[in-house]
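I opened the notebook to record what I looked up in this model, entry by entry. The sequence and structure come first, and my notes follow.

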Amino acid sequence: MRRLRVLVLMDPALVPPDSTDGYTVQEINEWKTEYDVVSTLRAAGHEVRPLGVEDELKAVRDEIENFKPDVVFTLLEDFHGKVIYDQNVASFLELMQIPYTGCNPRGLMLARGKDLSKTLAHYRRIAVPAFAVFPMRRKVKRPARLALPLIVKSLSEDASLGISQASVVDTDEKLAERVAFIHERIGTAAIAEQYIDGRELYVGVLGNERLRVLPVWELKFGNLAQGARPIATEKVKHDPSYQERAGIVDGPAKDLPPELYARIQRTAKRIYRALDLDGYARIDFRLSADGILYFIEANPNPEIAKSQEFATAARLDGLAYPDLLHRILALGISRAKAGVPAS
């Protein structure tokens, strides 16, 4: 790829240093994606400018006008502290007519609402857990069709925010308590869905028109405490010390019959299309003990640190990390050259 001017948008608190020397594993974990993207693109010869963005778009406009980037690499996960505004940042970049990486605004919106994405998947005869939504400031009453146990999550937050062992509830009283926790502590509506006891599988998808489906990946829960459920809690996903103590690892999904493996990849591609995703995304599934594949959620613009599931699956598929980032850049540029907004 020719030398590019790349503007990288990120949270101000996550603007990485030039080197990881002197930082703890926990500190590096906070900004590892930002560091890996910036340092890798610089090592590849690109002119890279990180920009912290929190609640003001003027700085983005000024950098576009002054730096004149060839492409904007978006690592922002929220704006004004709200994850639902990520689609608005993508819309702003489209209005500025500047190429940007990752998913288009429509795909971000459709994937963000866990109820909407499940409804669209179910319409296309893809299995999803039964679920119910509990809006803010409403009485919690479990529908009769929704059998316990359930797992309670934020309707719109990602990165396992608010998910712990207490998220799995087996009584109506615990359901009400956990919904109240989501309302009060996370500040969003809650979704309670059928708890699927089974394997946690991830499938990365890369592309706009032609799609590349990455190897099926599995999160393995190692040595959980007795009675603990195998779920992707905040600690499981983001606490390196806990991951090491509990033996939490991820890697290629093994012991899947070839026909099932192919069906998982086909289903990931169908969901990617159904939600109008592009750029790159990770599709999350649960595979039950009786072999039913359930769609859990879609994650457009997932973490792409070198150590994260998306990048390690891409590496197994023959895409070294610099090649993966160049592919993501190329997808953003080619979408802009198509001449129409992605949404």
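In which helix does Arg-335 lie? I found Arg-335 in helix α12, which spans residues 321–337; as the model is a predicted one, I read this and every entry below as a computed result.

**Entry 1: around Arg-335.** I looked up the accessibility of Arg-335 and noted a relative accessible area of 9%, so this residue counts as buried, the limit being under 20%. For the side chain I found a polar atom 2.7 Å from the backbone oxygen of Tyr-100. I also checked Asp-278, which is 57 residues away from Arg-335 along the chain, and noted a separation of 9.2 Å between the C-alpha atoms of the two.

**Entry 2: the chain as a whole.** I counted twelve helices and 13 strands in the chain. The radius of gyration is 20 Å, and because a compact globule of 343 residues would have a value near 20 Å, I noted that the chain agrees with that expectation. Taken along the principal axes, the box filled by the C-alpha atoms is roughly 60 × 45 × 45 Å. Of the 343 residues, 51% are buried, and when I took the contacts between residues at least 6 apart in sequence, 70% of them turned out to join residues at least 24 apart.

**Entry 3: a sheet of three strands.** I then turned to an open sheet whose three strands come in the order β2-β1-β3 and pair in parallel. Its edges are β2 (47–52) and β3 (71–74), each of which pairs on one side only. On average, and with direction ignored, neighbouring strands of this sheet are turned by 25 degrees against each other. Between β1, residues 5–10, and β3, which run parallel, I noted four bridges, and I looked up Val-8, whose bridge partner in β3 is Phe-73. Helix α2, residues 32–43, lies across β1, β2 and β3, and runs at about 155 degrees to β2.

The side chain of Asp-18 meets that of Arg-42 in a salt bridge, with 3.8 Å from N to O. This pair links distant parts of the chain, since Asp-18 sits in the loop between β1 and α1 (25–30) while Arg-42 belongs to helix α2, 24 residues apart. Asp-18 is exposed, at 70% relative accessibility, whereas Arg-42, with a relative accessible area of 37%, is partly exposed.

Arg-142 and Asp-172 form another salt bridge through their side chains, at 2.6 Å from N to O. Here too distant parts of the chain are linked, with Arg-142 in the loop between β4 (131–134) and β5 (150–154) and Asp-172 in helix α7 (residues 172–186), 30 residues apart. Both count as partly exposed, Arg-142 at 26% relative accessibility and Asp-172 at 36%.

Are Asp-284 and Arg-282 buried or exposed? I noted that their side chains meet in a salt bridge of 2.8 Å, N to O, and that both residues are buried. Finally, I recorded a network in which salt bridges with shared partners join Lys-118, Lys-153 and Glu-193.

Methods: Residues numbered from 1 in each chain as written. Predicted model: local features only at pLDDT ≥ 70, side-chain atom pairs only at ≥ 80, totals over all residues. Heavy atoms only, no water. Pairing = 2+ DSSP bridges. Helix = DSSP H or I, 4+ residues; strand = E, 2+ residues; numbered from the N terminus. Axes fitted to C-alpha atoms, helices over the stretch in contact; angles between N-to-C directions. Contact = heavy atoms within 4.5 Å. Salt bridge = Lys/Arg side-chain N within 4 Å of Asp/Glu carboxyl O. Buried < 20%, exposed > 50% of the residue type's maximum accessible area, 1.4 Å probe, protein only. Polar contact = N/O pair within 3.5 Å; in protein donor to acceptor, adjacent residues only side chain to side chain. Rg over C-alpha atoms; globule rule 2.2 N^0.38 Å.
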